[in-house]
Amino acid sequence: MTALEFQGVRVRLGRRRHAADVVKGVDLTVPAGTVVGLVGESGCGKSTLARAAVGLVPLAAGRITPGSGVQLVFQDPYSSLDPRMTVGSAVAEAVPKGAGVDRAGEVARLLDLVGLEPGHAGRLPRHLSGGQRQRVAIARALAARPRVVIADEITSALDVSVQGMVLNLVRELQRELGLTMLFISHNLAVVRYVSDRVAVMNRGRIVESGPVDDVLSAPRDPYTRTLLESVPRLR
Amino acid sequence: MRGLKTPLGAAAALSLAFLLFAVVLGPILWGDDAIKVDTMALAQGASAAHPMGTDGLGRDVLARTMVAARPSVGLALLATLITVAGGLLLGGLPAVLGRRAGRLLNGFIGLVVAFPGLLIALVLAVVLGSGGRPAAFAIGLAGVPAFARLTQTLAASVAGRDFVAAARVLGVGRTRMLVRHILPNIGEPLIVQATLGAGGALLAFAALSFLGLGVQAPDYDWGLLLNEGLNRVYVNPAAALAPGIAVVLAGLAFNVLGEYAAQVFGGRSPAARGAGGSARPVPGDALTVKDLRVSYGPAVPVKGVSFTVGAGERVGLVGESGSGKSLTALAASGLVEPPGVVAGSIEAGETAMVFQDPMTSLNPALRVGTQLAEVATAHERLARRAAGRRAVARLTDVHIAAAAKVARQYPHELSGGMRQRAMIAMGLMGTPRLIIADEPTTALDVTVQKQILDLLREVSDSTGAAILLISHDLAVVAQLCSRVLVMYAGVIVEDLTVERLVAGPAHPYTRALLASVPDMSADRSQPLATIPGRMPSPADPVAGCPFAPRCPRAGDRCLTAMPPFEDGVACWHPIKEVS
């Protein structure tokens with residue numbers, strides 16, 4: 001497994017006069033085989049950082065390693081799967097090409113891994129529930145045999161009871177496969193549940209990072225404190 | 001095909017049947033009559049032997065019109081084929097080529113689109129020479145720019161979707177991306193456009209032939225027949241009328257077929273009629289709902305819901321997607337649109353509605369202040385200036401700094417939280433007894449969410465308005481409300497206080513829901529509790545308790561009989577112990 005490293009990453013979006021730095025110099029390391037949670041509010045640049053890591057947006061400065069073998073699981077499973085492609089072919093498309101690759105077998109193995117039945121391979125996304133779609137998206141990301149997985153708000157479009165299943169799956173897979181993972185979410189409770197370390201992002205910068213329990217029980221940055229106080233609590 | 005029962009579907013089928021009949025059987029049935037020269041009946045008017053008269057050589061015009069269907073339609077289809085092939089190629093290329101070449105090609109398409117299609121067709125027809133095939137090429141090529149532009153625009157809209165980004169991350173090549181991911185997802189509007197285009201090509205062809213640039217004698221199509229007939233229109237009007245009617249009918253057939261295709265593919269089925277629930281003011285409770293049912297044909301998403309919201313009370317309505325909570329809220333404010341049918345009784349005082357996404361519920365083309373003032377001018381016939389002043393006052397009430405300035409701004413200039421505040425201010429323009437807020441904070445950040453919840457509480461305290469908060473998030477509901485209604489598969493399964501919710505609900509579903517949400521004190525070494533199975537769909541008939549198939553406490557009775565709603569819970573085996 002490989003670590004994911006951001007070194008002095010800057011991302012500029014928009015053209016000419018409307019251009020603005022969305023990510024303003026981020027240094028962040030996700031140690032190999034661990035999960036780092038990235039929290040922050042919408043517009044803070046966390047999704048842009050994820051897109052930069054997989055090459056969907058260009059870097060203005062800095063370096064992200066590894067440069068390849070990073071897979072992204074998107075927020076909305078309703079739009080991240082091609083509505084005209086069966087589950088099986090969506091996953092098969094991601095399996096690396098090469099001689100002696102048993103595609104059908106690999107697809108079956110991956111679907112089983114994420115807890116879907118082999119019969120799901122022939123179905124179209126519209127016949128699946130939100131939770132099942134997100135499982136397909138995870139299977140597709142894993143099919144590419146990534147060195148690093150980035151999960152961008154993967155449960156925020158899901159119902160609470162389904163969210164629990166997907167979070168359990170993410171934890172299981174991460175432990176079984178020893179995945180290196182950047183887990184992005186605006187939900188602190190969710191991040192706390194899956195991550196080993198947490199980084200807090202605000203206005204394009206990482207304002208605080210450290211082991212989950214330390215940051216959430218004794219936040220040093222005022223923004224982290226505001227964020228923690230705003231979390232609605234039942235008890 | 002169910003669509004044939006609609007007037008449009010029937011018209012499409014009928015005109016298409018006529019066209020097919022003429023194309024397939026025309027030359028066989030009338031082929032001989034069409035070329036039979038009758039020197040005894042030159043250029044005659046309508047008669048029993050020749051219903052549409054004869055032409056200069058004594059040939060039967062009706063027979064010739066029917067025979068001409070095949071070349072006319074055939075050439076129109078050939079032209080359409082050329083348009084579609086050329087358009088797909090030109091419009092799809094920018095997606096395959098690199099960024100710079102793509103931009104250049106887009107510019108080229110934009111340039112040629114600026115020329116009128118018929119003008120290009122005429123020029124090309126002159127250049128390519130007269131005759132059927134060259135004219136088909138001229139018309140086909142003239143249609144390419146518009147079709148290419150449509151393809152390119154649609155492709156660009158699909159290219160922005162997440163699944164295309166996902167495929168790019170997976171390293172899918174550009175050509176495969178176009179063929180596998182983009183084209184299948186834009187096929188429907190293109191088919192509709194092509195069908196409509198075929199009608200246009202038919203008319204254009206008739207026009208070219210009429211001008212002598214299309215089909216040349218001794219061959220003939222409708223346009224040429226029209227040309228011949230028009231020379232003698234005062235002698236025998238029928239000779240010009242017959243091909244004219246044929247052109248109109250065929251053009252209509254293609255257009256109606258295109259409209260029909262648009263309906264089938266676009267899912268634009270004609271709306272069914274339904275009775276909407278009305279809201280009328282009553283003293284006492286802010287909202288009383290009795291045995292509310294909302295149905296869409298066989299699907300019944302809300303299956304008999306009864307509850308009251310007292311004056312000034314803050315009640316939460318929670319449930320997962322598909323539980324019917326949002327429809328219940330819409331029905332309570334009389335906003336269910338046909339084909340939805342609302343049954344049961346709803347009594348509500350003046351109601352204000354706050355939606356999840358304030359960007360789509362505010363009119364983007366109107367200034368915020370104007371939209372707010374509109375409420376007062378429309379409902380209370382307040383003078384415009386007084387209404388404007390009240391709008392600014394209400395914006396101040398929801399803690400918008402520099403309210404006068406914000407009133408002059410457009411919704412897109414405001415942040416999500418500000419828009420939601422403006423939406424609440426809009427609700428306060430009248431004197432609502434009830435504010436229905438449907439997931440008002442789901443689209444917002446946690447810090448802003450807290451501010452909006454605080455604002456709703458403050459508004460409720462200061463104006464005495466009751467609140468019905470619809471949410472999927474138990475914690476959010478607990479922040480604002482004193483009472484919680486839990487919905488599952490179209491029914492209310494539990495009605496409890498927030499204290500009871502925290503201490504331990506009686507319904508197994510509420511408990512399971514509570515356990516499946518990670519909170520800041522969840523044990524990280526344990527997997528989260530989950531609810532196996534899925535909620536029954538609104539179309540499934542449910543005999544017993546809808547939660548029974550997923551419930552660990554379910555017995556035989558649960559599967560056969562719906563438990564009555566007693567002591568705030570609808571369950572045969574409620575959980576008594578409180579943690």
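These legends walk you through several close-up views of a predicted model.

Local features need pLDDT of at least 70 and side-chain atom pairs count only at pLDDT 80 or more, while totals for chains, interfaces and linings use all residues. Residues are numbered from 1 along each chain as its sequence is written, chains are lettered from A and ligands numbered from 1 in the order in which they are written, and side-chain values use heavy atoms, with hydrogens and water left out.

**View 1. Where chain B meets chain A.** Here 52 residues of chain B are in contact with 56 residues of chain A (contact means heavy atoms within 4.5 Å). The two chains bury about 4,700 Å² between them, 55% of it on carbon and sulfur atoms; buried area is the accessible area (1.4 Å probe) that two parts lose on being put together, summed over both. On the chain B side, Leu170(B), Met520(B) and Arg524(B) lose the most area to chain A, together 19% of what that side buries.

View 2. Look for Arg524(B), which forms a salt bridge with Asp213(A), with 3.4 Å between the closest N and O atoms.

**View 3. Glu313(B) and Arg483(B).** These residues form a salt bridge, their closest N and O atoms being 2.9 Å apart. The pair links distant parts of the chain, 170 residues apart: Glu313(B) sits in the loop between β2 (299-309) and β3 (314-318) of chain B, and Arg483(B) in strand β8 (residues 483-488). Strands (E, at least two residues) and helices (H or I, at least four) are DSSP runs, numbered from the N terminus. Arg483(B) is buried, with a relative accessible area of 16%; buried means under 20%, exposed over 50%, and partly exposed in between (1.4 Å probe, protein chains only).

**View 4. Asp461(B) and Arg314(B).** Another salt bridge joins these side chains, at 3.2 Å from N to O. Asp461(B) belongs to helix α17 and Arg314(B) to strand β3 of chain B, 147 residues apart.

**View 5. A pair within one helix.** Lys450(B) and Asp454(B) meet in a salt bridge (4.0 Å, N to O). Both lie in helix α17 of chain B, four residues apart, about one turn of the helix. Lys450(B) is partly exposed, with a relative accessible area of 33%.
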